[in-house]
Amino acid sequence: MYKYILRRLLQMIPVLLGSTFIIFAMVFALPGDPTAGMCGERGCPPAFVAKFRQEHNLNDPLLVQYGKYMVNVSKGDLGTNFRDIKVSDELQQRYPTTVRLAGMAILFEAIIGVLAGVLAGIRKGKFIDNLVLVSTLFVISVPVFVIGATLQYYLGVKAGLFPVTVSSSATFYELLLPAFVLGSASIAYVARLTRTNLVENLRADYLRTAIAKGLTKRRAVGVHALRNSLIPVVTFIGADFGGLLAGAIITERIFNIQGVGGYLFTGIHNRDGVVVVGTVTVLVLVFLLANLVVDLLYGVLDPRISHD
């Protein structure tokens, strides 16, 4: 187990370096002035531009720039934004909110999605199955910002059941509606994925054999078939966690949540390359660690899977 974890951590290094180098090159090496937009519509004074390029090593070759940047990242320094505030400090304040938001979205995704998929799978071809298939297809087809704006208007403005915007404290109740919106598409995918795998396992020989040997159908389905059906679902949910952290940009903008997604959007809007590169670097690292946790969970769901 420990050798497997060490091997996976070593495999993450080239992935992390490659992905961060690409975003670094896209932000700082493409043609254009990296200080554009920092001083409003007017161009920045030459002295300011020279100081900025010197502080961010923009006068060096690209590989040297990236090397110096990664050395600073290894020390926990992600650079400073236009307002001379450390990106690491901003992320430290905002990350707990985004993690809570993504975590609640994962709970909605796992509970509602798996439950709907199980009900559809064990009642294949019946009303509940058709209802789940049609409703999930509808949710997948509608963009997240449309779902968010619609629920915000009807449940927040009209019915007054949920806050329209989220305060700086970002309480559990305030995050309920944004978390559901953020995980809505994933709920649909999980439901369909669970349903498909469960239907396949219900036709498997091992399940018929277990029932023929005296195992009750409820236990055979609830323990054996469902457990095997959840392996691809766990894969999707684990990979989706990293995606939710990055994909929270739209949801955080709709509900005015002061999280990582909103911070990244502001950095892109203000052309603050240091914020964009620093935030994406952290998101890539979180995504890689989430995938490692998913791989370790395989052994829990299926004892036949060994990490030795």
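Which residue just after H3 takes a positive phi? Select Gly76, whose phi is about 85°, and keep in mind throughout the tour that this is a predicted model.

Colour its buried residues, which are Gln65, Tyr66, Tyr69, Met70 and Val73; they cover an arc of only 125° around the axis, which puts them on the same side of H3.

Next, show the rings of Phe21, Phe24, Tyr66 and Tyr69, which form one aromatic cluster. The structure holds 7 aromatic pairs, and within this cluster Phe24 and Tyr66 make an edge-to-face one, at 5.7 Å centre to centre and with 65° between the planes. Because Phe24 lies in helix H1 and Tyr66 in helix H3, the pair ties together parts that are 42 residues apart in sequence, and both Phe24 and Tyr66 are buried.

For a stacked pair, move to Phe162 and Tyr173, at 5.7 Å centre to centre with 25° between the planes; Phe162 sits in the loop between H6 and H7, and Tyr173 in helix H7. Phe162 is partly exposed, with a relative accessible area of 23%, and Tyr173 is likewise partly exposed at 43%.

Finally, select the largest nonpolar core, which has 50 residues, with Tyr69, Val87, Leu91, Leu101 and Leu175 having the most contacts inside it; its largest share, 10 residues, comes from H4. Centre on Leu175, which touches residues including Leu101, Met104, Val166 and Ile257. Apart from this core lies another, of 5 residues, among them Met12, Leu16, Val284 and Leu292.

Note on methods: Residues are numbered from 1 along each chain as its sequence is written. This is a predicted model: local features need pLDDT of at least 70, side-chain atom pairs count only at pLDDT 80 or more; totals for chains, interfaces and linings use all residues. Side-chain values use heavy atoms; hydrogens and water are left out. A nonpolar core is a set of buried Ala, Val, Leu, Ile, Met, Phe, Trp, Tyr and Cys residues joined through side-chain atoms within 4.5 Å. Buried means under 20% relative accessible area, exposed over 50%, partly exposed in between (1.4 Å probe, protein chains only). Helices (H or I, at least four residues) and strands (E, at least two) are DSSP runs, numbered from the N terminus. Contact means heavy atoms within 4.5 Å. The arc is that of the directions from the helix axis to the C-beta atoms. Rings of Phe, Tyr and Trp (its six-membered ring) pair if their centres lie within 6.5 Å; planes under 30 degrees apart count as stacked, over 60 as edge-to-face and the rest as tilted. Lists of a residue's contacts leave out its neighbours within four places in sequence.
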